[in-house]
Structure formats: C-alpha cells, structure tokens
2 protein chains.
Amino acid sequence: MPFIQSEKLFSKLAEQSKASAIREILKIIQSSDVVSLAGGMPDPITFPVEDLRVICADILSSNSARALQYSSTEGLLQLREYLLKWLGLDKKGYKTENIMISSGSQQGLDLVSKALVDPGDIVIAELPSYLAALNAFKSYGAEVVGIPMDENGMQMDSLESTLQEITNKEKKIKFIYTISNFQNPAGVTMSLPRRKEILEIASKYNLFILEDNPYDKLRFEGEPLPPIQSFDQEGRVINLGTFSKILCPGLRLAWISGNKEIIEKVVILKQATDLCTPILNQMIGYEYCAKDYIDKNIDSNISVYREKRDVMLESLEKHFPEGAVWNKPAGGFFVFVTLPENIDADEMLYEAIEEKVAYVSGSSFFANGKGKNTMRLSFCYPSIEDIKEGVKRLGKVIEKNLKK
Amino acid sequence: MPFIQSEKLFSKLAEQSKASAIREILKIIQSSDVVSLAGGMPDPITFPVEDLRVICADILSSNSARALQYSSTEGLLQLREYLLKWLGLDKKGYKTENIMISSGSQQGLDLVSKALVDPGDIVIAELPSYLAALNAFKSYGAEVVGIPMDENGMQMDSLESTLQEITNKEKKIKFIYTISNFQNPAGVTMSLPRRKEILEIASKYNLFILEDNPYDKLRFEGEPLPPIQSFDQEGRVINLGTFSKILCPGLRLAWISGNKEIIEKVVILKQATDLCTPILNQMIGYEYCAKDYIDKNIDSNISVYREKRDVMLESLEKHFPEGAVWNKPAGGFFVFVTLPENIDADEMLYEAIEEKVAYVSGSSFFANGKGKNTMRLSFCYPSIEDIKEGVKRLGKVIEKNLKK
C-alpha cells in the first residue's frame, strides 16, 4: 500500500478551502526589510504590558487552581456581567444568557456560520468585506452575495432588490453580515438612518444580521453611532465584539451577544469545537476591566491611531498620483484606495514587494471577484516613519504602472 | 413582526446538536456538597503554579510585544520543534510541517472532522468512547459506528467484519477513532499486536486512524507502549496530544501531528475557525518544556494519580456489591464499572445525586445506545477522602437498586 492520498478523503467543503492571500503575503514579508502596510495587527505600543503582568501574577498567586483548570463553555460569568453593563446591553434587558465569550471574533464568525449555514445557503455581505469572515461563511458551504457600499455604508436599495431577486429564486438566505463601523477593508461607517433601515429589511425577509464590531471603540472624531443591535426589538442582531483592538489580540478574547436561543446554540457548538476559552486569559481580561483600566487604554489607543491615520492621509496626498482616490476613515485601522481602472493591484503587488513595500490588494475582499484596481493600506501596525516611507515607495510603484 | 424564531434558521446539523449529559451534570453539582466522581478534570495539586507564574512574568517582561500579538496559525515554531523531539517524531522524519498547535485536543477533533467528514460519512469508534469526540464527529454529520473492546482494546475481528459490511453497503468510511491508552471511559489500553493490526486494516480499507492520546504519559506501572503512529509508514495516523493532563488544561494547549497534506489542510481550516491559539499560552508552554520541567512534573503527577487509583480500587472492593465488575486501569483518569443487567445507571443517577454522589452513566459513551448498566468513575479530581466517601455512598445506592 503506498502513502495515503489524503486529498481523496477530504470532505467536499474542506477540499474547497484554500490558504488566504493575506496570509501568504504576511509570510513573505515577515523575514525581510519590506515596509508592510498589509497586516491588520495592532501596534504593540498600545498593549498595557505592565498592568497585564501585575494582574497575571496576582491571579496565579491567589487563584491558580481556577485559572489553570477547565472552565465553562459560556465563559467567565463576571466578565460577561461586566460586558453587559459596559456595552449597555443590560438596558436592553440582556442577561448573561445573551452573551458568550469566544476565542477571538473569528470563532464567533465560525460558530454563527456553523449554527446557521447549510451548504448552498446565501449570506449577504458588504462589497468589499473582511476576507476571513467570508472564508468562515464559505467553509460551511455558504454562497456569499455582495452589496455595494457608498460613504454611508451598505446601499439599502441594492440590498432590498438583491434580497427580492434571491427570494424569487427560492434560495435560502440566512443572514446579512456587516462591519458597521470603520469597515474592513473600506474604512466606511454605516449611517444612522441605514442602521434602522437594515433592521426593517432584515425583519421583512426574516433574516439575522451579523454585526461585526471590532473597531467601534476606536473612533478618532465625531459622535459615536449606536450599534444596529441597540435598535433591535426582534432578537435579529448577533453582535461580535473583541478585546483584540482595544487591549491586545494575543489573549484571544472576544464576545458574542444576541437572543437567548442563538447564544444557547452557539454555546453547544463551541463545546464540541474547543470546550472553553482559556480561563486564565478571561480572568486577565476581567481584572483589567474591573480595575477600570479599559476606557483609559482605549483613549490612549485612539491618540496613537489617529496620529498614524493623519500621517498616512498626508503621505497619500503627497506621494500618490492623480487618479488615485481614497477615503478618510473616522476610526479603525484602514484606508481603502481605488486606483485608475487600468491598474491591476494583484499584479502590482509583486513589483511593490521588490520595491520593499507591501499592501493587500483589494480583489480578495470582493465576493464578486471585482476590485482589481483597489488596495487596503493599514496604518495600525507600522511606525510613523514606516508609514511615510511605505506610502512614498508605493506612490512610485503606482506612478510607474500608470505609464505602462 | 414578532420576535425572531431562531430555530427556523438553524442549519440542519446545528439543529441536531444538543447539550451533553456530562455538561448538564457538572452544572448541577458545581454548587453543592455532592462528591463528584463525574468530571474528568485534573487535580489542581498537579499544576506547577509557581513555575508558571515566574515564566509568565518573564515573558511579559522580556517579550510582551510578541506574547500579546496575533501569531501564526500553525503555532509557535519552537514549541513544535520541541514536541517533535520530545515525542520522537523527528526520528520518523517528521518536521514542523507535520505538527500544528491546537486550542486543546477538542479543537483537533473538530478540525479533523471538518477536514474529512461529509454528512452521512461513517466514523468508526470504540464502544464506549469519549462523548465530546463523538459530538465533534456528529456535528459535521458523521454517523458513528462502534466496535466492542476487550481488555486488549478494540476487537480487530469485529472491526474488520464491520468495515467489510459497511463497504458492501457503499457507504464512505473516513477514519477509525481510537484512544489507544487508558481509554476514556473504559480505562483500557490497546495491546501491541493490535496496534500493528489496526494499521494493516486501515491500510486495506484506505482509512485514516485518528489516535487520541491524552493520557499516554500517565502510566502508573508496566512498560509504555509505542503509539500506533510510530508504526505508521503510510501517513495514515493523525495523532492528538495535549498538555491538559500533564501540565494544566487552562492554557488550552494541545497538538496534532500527521502527514503534511492533512496538517496543511487542518491549518487552513483552523485559520477560518480562530486564526491562532493564544501565543502567550504557547510561549508559557514552550518555556516550561525548554526548562526541562515537564518530565519531572509528569513523574509527580503519576504519583498523585496512582495513589488515587489505588484508593478507588480499594474502596470499590470494600463498598461495591457482588455482581458489579470493573477494570484496573494501568494509567489515566478513569475506572469503568459494569453493574448487573437490571440496573439502569441513567435512572440511578438522580438517586445518587440525592445521596450526594455523582458519576457519569455509561450509556452516553455508547454510539449504539447500549451500556445502560455501566458507569464511569473518575479518580482524577476528587481528594482521597472524597474518593473513599463517594464510592461508599455509591455502593449503598447500588445495593438499594439491586434489591428493587
């Protein structure tokens, strides 16, 4: 008998799962002198290291038998109680049964997909949208249909006509996925009227809304907008929040809130998936919050990222050629650039890496395969100097390609 | 529009996923004076708290930018290199591409299921077998077929005839799941000849073997047996190992090893599932190993659990009525008891809890719905005194039920 041919035993869905472009890019540039405007990692300067070190030592001194043991699938009760209050979900009547701790928001995306998606079902997402979310949906056989955005987020007329069209084809639609604040990759925030409108539409077509909110606390200016969830009277919104961008991603701490039945189902599925999120990590997160450190840390994070965004926008003005356009995000991690139509940002990436600068080409975020002339630039991780230098290098590469 | 009816939007597979019996039991007894012989948690006395506290503080002092950041999906390179050597997998020619760090072994069970199982596929497991593994397989639509065991593990003649029978029906079989050492719940270890035989059979029918090995280092007496994986020349064995029983479960650190193609696929699936296992936790695990602490900790764990097993066996001799039989496990966490046929251990559990003792009734471990007159008793977590008292109480409950 020869060596096993693994691929002949793969499940149909696993067979279709491929490594992501972002991942492959990040691998290339990790070991080189390339300035990366690609990855969405937070700046480590925002990690409150000393506070976390003290908290962690305290927990292991006073409560180790608990901190190192198995724990409940739902997550640490005190942390869930804290989050309900902090997010104002208690005012909505939400209780601990309405919130679960997940191992990062990615696990929320995975478990919601597992709970709702049968192969062939439709999931609606913004065009473009977060690649790893689309991959989670597809890993359960979802077909993702994209809805275009403008400066106020997902276009509601397009959403409604698309839903109508799909319903006529008798395909099953399960949920609308939206990153309502400082969207990844487009940097756009959904306007207040549309937040109400999307709920009405979801109600009309009897769909869940999966509201992914990793950046909502990182607003640099202007009034915060209430999450879509805050207007929800029908239990239609499943909201994902995370500590990854406001504390640190390394603890893998996030949460998912929604109606009791969906949270109960997600808990059962999580149990078969990883039993529980590390309780030590949850206790660290809780103690950090209980000491009232989190809001101060968010304030200081905002200062860090606001300055970086400003530097990136200035650099773009200075170095990017005419014909390139981009948004001015009021928060979050990303600027989205649209280049003249004749430029293929997928192709150009190899050239950019040769010139020691990296970005994520936009096409991988488009469920419809378009967006060839777009790119996502991250200002979160690189230093101020690297942002300046990276944008300068990239401007030159684009100039060259314009002349081709 | 009324409140959303979530269950009408659940996927077909999610609809079938129910809360586990063990879980519900653990919930009941957490807040009471019941002696629990139910849960499979390690004794916290075995957690090397002081070492972990120092290591954790060191990492957060010297390497926080890395420890609190996102990390690679495959897991910490140094930890994977350490494990390859420690497990002797390097001698097999296995490299870092053959091993991935998972968020607990449960995630290994989940991802292997996702990689291999299409709804309706067959998975072969021991009868009885680990409930949360069966749940992971079923969560992807697998039909689990059980193979009886004797004191040498899974019965090979029964395995072969079952495979033949299923193959004739043209159903697709994907893998054989076995806990080869100190099996959960039966406490049985697969003999050396059968370890070779199961590989031959897997080769004949072109199947993977999923070898789950959480307890293999916890051998109280006798010579360790090489894992099935060590005889594998065809890349057929996927092996799951974990730090949960030899260090602590709270870090959620485990590993999965196998041929390059299956590990590559599992990494891609993990990326869509939770991006990465907390790197802080991985660095703690690695430093603990790199300081050569792990083998010493295993030795001291063995002393703790050997004594507890002895106390449980003595107590069973003393307090359990004639007609009850049990095995004498040479390692691991569990003793499996078979009661006279007329006793229904599911029913009797309520009575036992009233008498302030809990166990897991065996039926939930049987893929074929049998085993009503069996129970799993755990000696891992309760104190010596609690083991004595628990077995005594349980003996009385059984006596009463015999007379019914």
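Here's a quick tour of the domains, the nonpolar core and the chain contact in this model. It's a predicted model, where local features need pLDDT of at least 70, side-chain atom pairs count only at pLDDT 80 or more, and totals for chains, interfaces and linings use all residues. Residues are numbered from 1 along each chain as its sequence is written, with chains lettered from A and ligands numbered from 1 in the order in which they are written.

**Domains of chain A**
- Chain A splits into domain 1 (6–47 + 298–402) and domain 2 (49–290), with bounds from an automatic or database domain assignment.
- Taken over C-alpha atoms, the centres of these two domains of chain A sit 24 Å apart.
- Where they meet, 30 residues of domain 1 of chain A are in contact with 34 of domain 2 of chain A (contact: C-beta atoms, placed from the backbone, within 7 Å).
- On the domain 1 side, helix 12 of chain A gives the most, with 6 residues (helices are DSSP runs of H or I, at least four residues, numbered from the N terminus).

**Nonpolar core**
- The largest nonpolar core has 259 residues, and Tyr359(A) and Tyr359(B) are among those with the most contacts inside it.
- Such a core is a set of buried Ala, Val, Leu, Ile, Met, Phe, Trp, Tyr and Cys residues joined through C-beta atoms within 7 Å; buried means 20 or more other C-beta atoms within 10 Å of a residue's own.
- Leaving out residues up to four places away in sequence, Tyr359(A) touches residues including Leu37(A), Met375(A) and Arg376(A).

**Chain A meets chain B**
- Each chain puts 71 residues into the contact.
- On chain B's side, helix 10 of chain B brings the largest share, 9 residues.

Key
Contact = placed C-beta atoms within 7 Å. Helix = DSSP H or I, 4+ residues; strand = E, 2+ residues; numbered from the N terminus. Buried ≥ 20, exposed ≤ 12 C-beta atoms within 10 Å, placed from the backbone.
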